[in-house]
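Reader: I'd like to learn how to read sheets and cores in a protein model. Could you walk me through it?

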Amino acid sequence: MAKVKTKRMGEILVEAGTVSDDQLQLALGEQKQTGEKLGMVLQRLGICTEREISQVLAGQAGVETIDLSQINIDRHAMDLIDSAFCEQRSLVAVAHQGSTLRVAMANPMDLETIDQIGRMTGNYIEVVHAPESEILDVLVRVFGNQNEAMSAIPALIEQAQSALASGVQLGEEDSPFIRLVNALIGLGISEGATDIHIEPEEKVLRCRYRIDGHLVQGAVLPGELQGIVITRVKILAEMNISESRVPQDGRMVFEAGRKHVDLRVSSFPTVHGETIVCRVLDKESLQVGLEKLGMPGVIYEPFRRDITRPNGIILVTGPTGSGKTTTLYSALTYLNRPDTKIITLEDPVEYELPVINQAQINVSKGFTFAKGLRAILRQDPDILLVGEIRDVETAQLAIRAALTGHLVFSTLHTNSAAGAIPRLLDMGIEPFLLSATLVSVLAQRLVRCICKECAGPAEPDPAELELLGLSTADLAGADLRAGKGCPLCRQTGYRGRMAVFEYLRVTGDIRRMIAEGRDAAEIERTARSTGQTTLCDDAMLRMRAGLTTTSEVLKVVS
């Protein structure tokens, strides 16, 4: 009997048009050097995403692929299968109707597991496919309020107090102090926190988590545990535990279940002791990719075209925590090719990108943006990313780089896209140089998304409408919604965030206005007359579509 030739994954992806022959050869060469799975290499090189690979392979198996972020998952269905089993086999039940249980699996060809689920639940199993990372995210999110860390923290606090009283040392293996710190950090990660705050007060040590941009109260520990908890965090972050009078920075890799999460740690002396903030840098949750940013079409297409220009300056503006890093990394990933040299100067490097040369600013050693930028120009780059333009020297060097044939990306902290122009002029940049090099400015903010699990129709708040300058008649035909509150969104009615955008392209008229030194208001009026939408316009569109609320739109306006 003749053997059936099984196609390799690379061949399947090339036939589907997801990967080119040249890209496959590049990835295979990289795989030979690193020993990684081909799928991981393709993702690391930015050639294709996990979802693109999954869709092609699932199509070959004749199984539907679903996007778990876009569906309302039936919590009752999830409760039919043990959470530990789900995590072990990378699956999640998403719907239950009659005697049919719909299960999303990372490996839909695992017939043994499918049969086992059928026996466990007594249901007919309808299998669909979803990427493993999405399945794990759902399991962490849904079972987050039931996770081991939350239930264990009160007992661990008592154990830590007893151990402290009896003289147990921090360094002893499996000490309650180590387990307590792991639980505090692990809980923040499982809840999707971007920052974990450990704050000393006069009599207590308070833990808070920044989730969807808002601080949420966590555990409150007795004051006597302050020293040992903070010392443990500093040891993990490789910081100087004997120094508590000056700020310090550190970094650690934390194991959260099957995920390895980078934490950037900062200590700061206060009147009651050192406060610690851990910035969570979860590479698996970073949605890098232009198509994942959620830009409206009127912004996405011109932005995509502009970033492929051979030279010029493109700026991204917005406050800290508005998603500027994700946008810039998405642009660089889109442009990242073997024949293009990209170098970045960042403070700090938050995520490592394949093939791209990334450098971290170190002001204490004299390595500033300006000094780094001077050196970069001798490294024969095609594209530069300067993390932030903070002074006139950096701005002048960025303009010089653009004038000499480089494409330069950078950020500014301004309230609007047009506001970036007078900001640079105020720094001392000559108007004719800025008008000759500036390509465009993208401004962005983050607004909270309505929780899909508990969303329902809602009536607008008259006071909020008045602040927005709207009447009820202005919202005719809008699908206004609000979250009622559920365990998945911690009773807030919101879960997750999305970006809203404003894009200023430097047209001939605006270029002339920059050269003449016109103010931001005049430039913005001219841009709007040609159809530019503002941050408020984009936020309003998302509110009308039932994705966010009037109170979130007000945060963009104010």
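This is a predicted model: local features need pLDDT of at least 70, side-chain atom pairs count only at pLDDT 80 or more; totals for chains, interfaces and linings use all residues.

Reader: Let's begin with sheets. In what order do the seven strands of the open sheet run?

Author: The general idea is that strands of a sheet pair through backbone hydrogen bonds, either parallel or antiparallel. Here, the order is β12-β11-β13-β14-β10-β15-β18, with mixed pairing. On average, neighbouring strands of this sheet are turned by 20° against each other, direction ignored.

Reader: Which strands stand at the edges of it?

Author: Those are β12 (357–360) and β18 (494–505). Each has a single partner strand, so one side of each is left without a neighbour in the sheet.

Reader: How do β15 and β18 pair, and over how many bridges?

Author: Strand β15, residues 438–450, pairs with β18 in the antiparallel sense, over ten bridges. To find one on your screen, look at Ala443, whose bridge partner in β18 is Glu502.

Reader: And what about the sheet of three strands?

Author: That open sheet has the order β1-β2-β3, and its pairing is mixed. Its edges are β1 (91–97) and β3 (124–129); each has a single partner strand, so one side of each lacks a neighbour in the sheet. The twist from one strand to the next averages 25°. Between β1 and β2 (residues 100–105) the pairing is antiparallel, over six bridges, and Val92 stands opposite Ala104 in β2.

Reader: Now the core. Which residues have the most contacts inside the largest nonpolar core?

Author: They are Leu315, Leu424, Leu438 and Leu504, in a core of 55 residues. Helix α15 (residues 392–403) gives the largest share of this core, six residues. That helix lies across β10 (312–317), β13 (383–386) and β14 (407–412), and runs at about 135° to β10. As for Leu438, its contacts beyond four places in sequence include Ile313, Leu315 and Val506.

Reader: Last one: is Thr327 buried or exposed?

Author: Look at the relative accessible area: under 20% counts as buried. Thr327 has 1%, so it is buried. This residue is found in helix α13 (residues 324–335).

Reader: Which side chain makes a polar contact with the side chain of Thr327?

Author: The partner is the side chain of Gln444, at 2.7 Å. Leaving aside neighbours within four places in sequence, Thr327 is also in contact with residues including Leu293, Phe303, Val316 and Phe501.

Conventions
Residues are numbered from 1 along each chain as its sequence is written. Side-chain values use heavy atoms; hydrogens and water are left out. A nonpolar core is a set of buried Ala, Val, Leu, Ile, Met, Phe, Trp, Tyr and Cys residues joined through side-chain atoms within 4.5 Å. Buried means under 20% relative accessible area, exposed over 50%, partly exposed in between (1.4 Å probe, protein chains only). Helices (H or I, at least four residues) and strands (E, at least two) are DSSP runs, numbered from the N terminus. Contact means heavy atoms within 4.5 Å. Two strands pair if DSSP finds at least two bridges between them. Axes are lines fitted to C-alpha atoms, for helices over the stretch in contact, and angles run from 0 to 180 degrees between N-to-C directions. A polar contact is a pair of N or O atoms within 3.5 Å; within protein, one must be able to donate a hydrogen and the other to accept it, and residues adjacent in sequence count only if both atoms are side-chain atoms.
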